[in-house]
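Good morning, everyone, and please keep the picture open while I talk.

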Amino acid sequence: MEAYRLLRLFFLVVCVFSHTLVSCNIPSYVEKYFDQRLDHFNFVSHGDKTFKQRYLVQDQWWSQGKGPIFFYTGNEGPITAFWNATGFVFDIAPQFGALVVFAEHRYYGKSLPFGSSTFEPQNMGLLTVEQALGDYAMLIKYLKQTLNASNCPVITFGGSYGGMLSAYMRFKYPNFVTGSIAASAPINLLTNTVDRSFFFSAVTKDFSEATPQCEPKVRQAFDVLMNMASQGTPGLKQISETFKLCKPLSNNDDFYHLLGWIRNSFTFLAMLDYPYPAQFMGKLPAYPVKVACKYMEDSTDVVTGLAKAAGLYYNGTDGELQCYDIFTEFVACADQTGCGVGPDSLAWDFQACTEIHLVPGSNNITDMFPKMPWTDDMRNDYCYKKWKVIPRDDWSEAEFWGRDIGTATNIVFSNGDLDPWRGGGVLKSIGSSIQAITINGGAHHLDLRGQNPFDPISVIAAREVEKQNIRKWINS
């Protein structure tokens, strides 16, 4: 253990003073675009029409024509955000002589099939998992052909929804993909047998284990908050002042949105509970869950503590916001864990209304949050009103294999025990070809992040297992 502490200290000194570790500085990339078919599966609807799919490339380590292609399957956001948060790929690319490619998911970032009209309801039908996988397969085919890389094995990487896509690429296109690293990939959500109530219970567990009084304080704060709201205008005015809202709450609908804004903050603090400061989806301190809990326990007034804790995610470590605009910082949608903001939130809302069946709301029994239900009927009604679609979850289970994945090979599924999405993931190995890793002290796809002096031993070990598997897949 002492040797490990010295090693961490050495890495810290190197990162701070010499900046020579790959993960200390994310490498630059070349931004490219590929003419991607609008529709891979219908010869009539759009003919041979294409759109510009963005992808990022770094070839400085590539043993051209021989080394593998490390291919990140982009998920629900601009691909540049995932480039900046996936240092593991860059840490190991030199060891393998790999070409690094990060592909952007259609309808996200700059990869908009219909330009400024992309998010019109009539243009949303081509946003499917199948189409995205088809995009990645055709891009891989193009890269192999144009880069003289026909014999170069392809390893896909992805985290969260991107981790699901990484695994699905191995399921669906094993002719192109040699192996897959699927981090924090809750593929079991696309089955009808998973108990979806795990999520907010897991968030609550993270906070209850961070400090002894955290969960009771949060529950108490919500009780007081509900009593304040029941007083009408005076109570809403006091809540608005305590939470430093830019626009005061005016009715119960506004108050309900505030509750979602608070719950969304706690959700992301749990997901991003990394052991060091990070800027992925927000500027957060090390162990933000413990920081939020300390705010709760140090405040004499529990509602003030709740306001400060909830503000941590939105205001981060820089504290630039003087007030909170809860209607721009949080958008209610079909995903109860949050769709994000901006155009990307529309795309994810649509996917949560079609193929990606996510989690129900909070219940205030197994979790510490107010009762905010989200039933299948509520989802169906919302999705039809918003997008004129109704989810087809039986199709998703058939199309993406459900739990019957035993015939797949060459996949590593990793999950952190702090990650609230863990309950939807593959937690047990299946034979020797599908390996499951649990990372003690790991939050959302911690293993995909670059090496850091404060990494727990468990994530260092997980990355070694992933590297061993990648080497085995390539060699075989």
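To begin with a definition, axes here are lines fitted to C-alpha atoms, for helices over the stretch in contact, and the angles run from 0 to 180 degrees between N-to-C directions. Helices (H or I, at least four residues) and strands (E, at least two) are DSSP runs, numbered from the N terminus. This is a predicted model, in which local features need pLDDT of at least 70 and side-chain atom pairs count only at pLDDT 80 or more, while totals for chains, interfaces and linings use all residues. Residues are numbered from 1 along each chain as its sequence is written, and side-chain values use heavy atoms, with hydrogens and water left out.

Let us start with α7. Helix α7 and helix α11 (residues 302-315) pack at an angle of about 105°, and their axes are 8 Å apart. The two helices α7 and α11 are therefore roughly perpendicular to each other, a label for angles of 65 to 115 degrees, whereas angles under 35 count as roughly parallel, over 145 as roughly antiparallel, and the rest as oblique.

Which way does α7 run relative to α9? The axes of α7 (residues 214-229) and α9 (residues 252-271) come within 12 Å and cross at roughly 165°, which makes α7 roughly antiparallel to α9. From α7, V218, F222, L225, M226 and A229 meet F255, L259, I262 and F266 of α9, and this contact has 9 nonpolar, no polar and no charged residues.

Now to burial, where buried means under 20% relative accessible area, exposed means over 50%, and partly exposed is in between (1.4 Å probe, protein chains only). Helix α13 (residues 343-352) is mostly covered, with 8 of its 10 residues buried, among them W348 and F350. What covers the buried residues of α13 includes α4 (129-146), α5 (161-172) and α14 (376-387). In α16, the buried residues include R463, E466 and W473, and the buried residues of α16 pack against β3 (69-73), α3 (87-96), β5 (154-159), β6 (179-183), β7 and β8.

Finally, the loops. Most residues other than glycine have a negative phi. W401, in the loop between α15 (393-399) and β7 (411-416), has a positive phi of about 80° although it is not a glycine, and W401 is partly exposed, with a relative accessible area of 23%. H445, in the loop between β8 (434-439) and α16 (457-475), also is not a glycine and has a positive phi, of about 35°. Is H445 buried or exposed? H445 is buried, at a relative accessible area of 9%.

Leaving aside its neighbours within four places in sequence, F41 is in contact with E130 and Q131.

Definitions and conventions: Contact = heavy atoms within 4.5 Å. Nonpolar A, V, L, I, M, F, W, Y, C, P; charged D, E, K, R; others polar.
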